[in-house]
Amino acid sequence: TEIYTLSLHDALPICIELSGEEREYLRAKGSIVFVSQTRYPPFEFTDESRQHEGMMLDVIRWMAVEVGFQPVFTDMTFKHAQEAVLTGEADVLTSLFYSDQRNERFEFTATLFDVPASIFVKAERTDIKDLNDLNGKIIAIQKGDYAKDFLESRKIGFDRLDAEDFAQATDIVIAGQADAVIGDEQIVLYHIFSNRLTNCIKKIAEPLYIGKNCMASNKNNAMLIGILNKGIQEARRTGVLNKISTKWLGTVYGPRESFLQRYIWPLSSVAIGLLLLSLAVWIWNVRL
């Protein structure tokens, strides 16, 4: 039994109402098997003690308490995790970007977190500046990741070098075996900073797309997805999602504005007004 330690129950009153059919579904189900990626921090990963941690796991543990179900956690590579959900070996994949193509096979929850996907290259490279520069290049891609579909949709010709996860894909680029990786920013940055690789790799250009990170199941589990959606909606309403995001990603504060920067326009308006008034008085004196 895992103990849920994040203090998330001191916000607004919780109001998750399940139908009789949904309550019977959970009772008959007994437990729900959630499969995560082994290395997808900070959203999901296994720590040194093989405990399942991360933002998505925090959401699930909160929902398990508030909705009333028994979660069972397991982990695999991303590609195998997708297959496990489609075959029914697991009930829910904890992180999957929504796309119309994937929606033909998976049943998605509402979006929990936005994840920008960007191009990362070796720090010293200057020849890759945007998406078009990836033509003819070797791209390291996590197996099963949406980046492959995105590049093909934009008619980018590339050679793919598969990686088990974003950490491995990033290391492949640093080692010079691939020209670039299209990586989910939070995950690549977590790997870079955790392993002191900031001098080895850099992010270029604006994000290629913003991934909508959802949970997903197979098409036979529409009721389960409906139950999870009620939990997600309540987690958003009560501020739980924001608390979890702050816990793992922190809060970015912009530089403080000086007094002059904050009030530049009001001060300018006053100065112009005084100048015009002085000019009017001077003209009136000349006329007299």
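**Helix H7 and what lies beyond**

Modeller: At 1.5 Å a residue, the 16 residues of helix H7 (residues 222-237) should span 22 Å, and its end C-alpha atoms are 23 Å apart, which agrees; the expected span is 1.5 Å times one less than the number of residues. Helices (H or I, at least four residues) and strands (E, at least two) are DSSP runs, numbered from the N terminus. The model is a predicted one, in which local features need pLDDT of at least 70 and side-chain atom pairs count only at pLDDT 80 or more, while totals for chains, interfaces and linings use all residues. Residues are numbered from 1 along each chain as its sequence is written, and side-chain values use heavy atoms, with hydrogens and water left out.

Within H7, the buried residues are Leu224, Ile225, Ile227, Leu228, Gly231, Ile232, Glu234 and Ala235, where buried means under 20% relative accessible area, exposed over 50% and partly exposed in between (1.4 Å probe, protein chains only). An α-helix has 3.6 residues a turn, so residues three or four places apart point the same way. Just after H7, Gly239 takes a positive phi of about 85°.

Val67 and Lys230 are 163 residues apart in sequence, yet 8.7 Å apart in space, C-alpha to C-alpha.

In soluble globular proteins, nonpolar side chains tend to be buried together.

Turning to the strands, S6 (residues 92-97) is mostly covered, with 6 of its 6 residues buried. Strand S1 (residues 31-37) pairs with S6 in the parallel sense over 2 bridges, and here Phe34 has Val92 in S6 as its bridge partner; two strands pair if DSSP finds at least two bridges between them. S6 also pairs with strand S12 (residues 201-218), in the antiparallel sense and over 3 bridges, with Phe97 standing opposite Asn213 in S12.

Phe97 and Asn213 are also among the residues that line the largest cavity, as are Gln37, Tyr40, Ser95, Leu96 and Asp184. This cavity has a volume of about 60 Å³, and a search of the whole structure finds 1 cavity of 30 Å³ or more. S6 gives the most to the lining, with 3 residues. On a 1 Å grid over the protein atoms alone, a cavity is a set of points where a 1.4 Å probe fits but cannot get out, and a pocket is an open set with protein on both sides within 12 Å along at least five of seven lines; lining residues have an atom within 4 Å of a point. Grid points are joined across faces, edges and corners, and a volume is the space filled by probe spheres set on the points.

The largest pocket holds about 280 Å³ of space. It is lined by 15 residues, and Lys79, Lys143, Gly144, Asp145 and Lys148 are the closest to its centre. Helix H3 gives the most to this lining, with 4 residues. Gln82 lies in that helix, H3 (residues 78-87), and counts as buried at 7% relative accessibility. Gln82 touches Leu93 and Leu96, together with Arg105, Phe106 and Gly144, again leaving aside residues up to four places away in sequence.

Some backbone details deserve a separate check. A cis peptide bond joins Pro41 and Pro42, with omega about 10°, and Pro42 is found in the loop between strand S2 (39-40) and strand S3 (44-46). Arg196, although not a glycine, has a positive phi of about 55°; Arg196 is placed in the loop between helix H6 (185-194) and S12, and is exposed, with a relative accessible area of 77%.

Terms used:
Contact = heavy atoms within 4.5 Å.
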